Amino acid sequence: MGGNVVDLEMITSVTVDEDGVAEIGLMLTVAQCPMRGFLEGETARRVKTLPGISDVVVRTTAMTSKQRARLMSGARMRARETALSTRVHPTTRVVAVSSGKGGVGKSTISANLAVALADQGFEVGLLDADIWGFSIPRMMGSDARLEADDSTKLIIPARVGGIRLVSTGLIIENEETALMWRGLMLSKALEQFLHQVDWGELDYLVIDMPPGTGDIQMALARLLPQAEMVVVTTPQKAAQKVAIRVADMARRSHMPIVGVIENMSSFTCEHGVEYQLFGNGGGAELSESLLVPLLAQVPLDPEVVAGGDGGMPVTRSHPENPASLAFRAAARRIVELLPPVVDESCTGRIAKLLEQLAVSGEDVPPLVASN
Ligand SMILES: Nc1ncnc2c1ncn2[C@@H]1O[C@H](COP(=O)(O)OP(=O)(O)OP(=O)(O)O)[C@@H](O)[C@H]1O
Ligand SMILES: [Mg+2]
């Protein structure tokens, strides 16, 4: 409906007791709202990221026909005003692959997660938010050039192996497309990628974040409120410290952390001996301190490097490689934790239902509370 539950006045009450248990009153348009589970779940998850909150109880009620009519007219007005909202559908699950440190495997993990999610049958986008240090085109083996649709003027993502791809690497070094970008500061590229790319209806958008905890991260949180973070770490302690910094930033920007992926966990030589080259336990420790799951431990493997350099992520080129198994396991965990949202949003079928209810003036009985 073009707004969040607070702006849409769907939050009726907020209380926090001395144990840090928050009780949130959530008012839905209709009791049968198919988005109910999603809205309750997301409300609880978001509030849980706030400091001092130990638990969240969401008490759900349904609107009266009068309240509904008011909401609908507000939503219509908002839809006209917010023409500049992002082109990423609000129900698209956004996973930002981050780490405070360079070279820990963010781009490798982004590419392989995107492949693993696409192989599960999902519509997947892959956004290279490393504007200056882009590496996704090489890793995905794409030398496509991004073009704009003549009628909509929106940029059409490149398609690689069923994945929709956008990266500054697909724009520069080409005069025609450089023209399209003239006048736009490249530092604004992330904003452009979210506002002027025709992403279509994605289930998942994987974002390869640049190293560090800088502007791009904060911009992403502001532009895409549905973004969630996967933190990548290597097994040793030093890397973990940096990763904790990222986690802090996630908290400050209210970006929930889905989980931790430990990369370069161990190396198994051709004689079957396993070496913990970068120490061990860093991923488990970090996930425990963040109270989020350890999504996978990805071993160090030459096939991973070859896949990245050769433009065919290992998950696709060598599906039985232990690293590929780990990437697929991580993708499955992400789907469990962030199931794709069935889009029954208020712009389509539900809008019609609401209009009908508004006309008939029918009231819906209140709901029972839920956790
Ligand atoms: N599990 C792995 N096994 C072996 N090599 C790996 C593994 N993961 C990543 N690498 C290699 O490590 C290097 C750095 O990986 P990558 O570029 O994905 O890191 P990054 O965190 O995105 O780096 P940057 O911070 O520069 O963006 C690459 O050469 C990549 O092939
Ligand atoms: Mg990278």
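Predicted model: local features only at pLDDT ≥ 70, side-chain atom pairs only at ≥ 80, totals over all residues.
User: Why is asparagine 112 called buried, and what does its side chain reach?

Analyst: Asparagine 112, which lies in helix H3, has a relative accessible area of 3%; since buried means under 20%, asparagine 112 counts as buried. Its side chain reaches the backbone nitrogen of valine 314 at 3.4 Å, which falls within the 3.5 Å set for a polar contact.

User: How do you know that aspartate 119 and arginine 316 meet in a salt bridge?

Analyst: The N to O distance between the two side chains is 2.6 Å, and the cut-off for a salt bridge is 4 Å, so the pair qualifies as a salt bridge. The pair links distant parts of the chain, with aspartate 119 in helix H3 and arginine 316 in helix H11 (residues 314–317), 197 residues apart. Aspartate 119 is partly exposed at 44% relative accessibility, and arginine 316 is partly exposed at 29%.

User: Why can such side chains pair at all?

Analyst: Side chains that carry opposite charge can pair when their charged atoms come close.

User: What makes glutamate 123 and arginine 164 a salt bridge, and is arginine 164 buried or exposed?

Analyst: The closest N and O atoms of glutamate 123 and arginine 164 are 2.7 Å apart, which is within the 4 Å required. This pair too links distant parts of the chain, from the loop between H3 and strand S5 (124–128), where glutamate 123 lies, to strand S9 (residues 163–166), which holds arginine 164, 41 residues apart. Arginine 164, with a relative accessible area of 12%, is under the 20% limit and is therefore buried, whereas glutamate 123 is partly exposed at 30%.

User: Why is glutamate 336 called exposed, and where do glutamate 336 and arginine 333 lie?

Analyst: Exposed means over 50% relative accessible area, and glutamate 336 has 55%, so it is called exposed. Arginine 333, at 28%, is partly exposed. Both residues lie in helix H12 (residues 322–337), three residues apart, about one turn of the helix, and their side chains meet in a salt bridge at 2.9 Å, N to O.

User: How do you know that ligand 1 has polar contacts with the protein, and which atoms are involved?

Analyst: A polar contact needs a pair of N or O atoms within 3.5 Å. An oxygen atom of ligand 1 lies 2.9 Å from a backbone N or O atom of glycine 105, an oxygen atom of the ligand is 2.8 Å from a side-chain N or O atom of lysine 106, and a nitrogen atom of the ligand is 2.9 Å from a polar backbone atom of proline 299. Each of these distances falls within the limit. Taken alone, ligand 1 exposes 630 Å², of which the protein buries 79%.

Technical notes: Residues numbered from 1 in each chain as written. Chains lettered and ligands numbered in written order. Heavy atoms only, no water. Polar contact = N/O pair within 3.5 Å; in protein donor to acceptor, adjacent residues only side chain to side chain. Areas by Shrake-Rupley, 256 points an atom, 1.4 Å probe, with all protein chains shown as cover. Helix = DSSP H or I, 4+ residues; strand = E, 2+ residues; numbered from the N terminus. Buried < 20%, exposed > 50% of the residue type's maximum accessible area, 1.4 Å probe, protein only.
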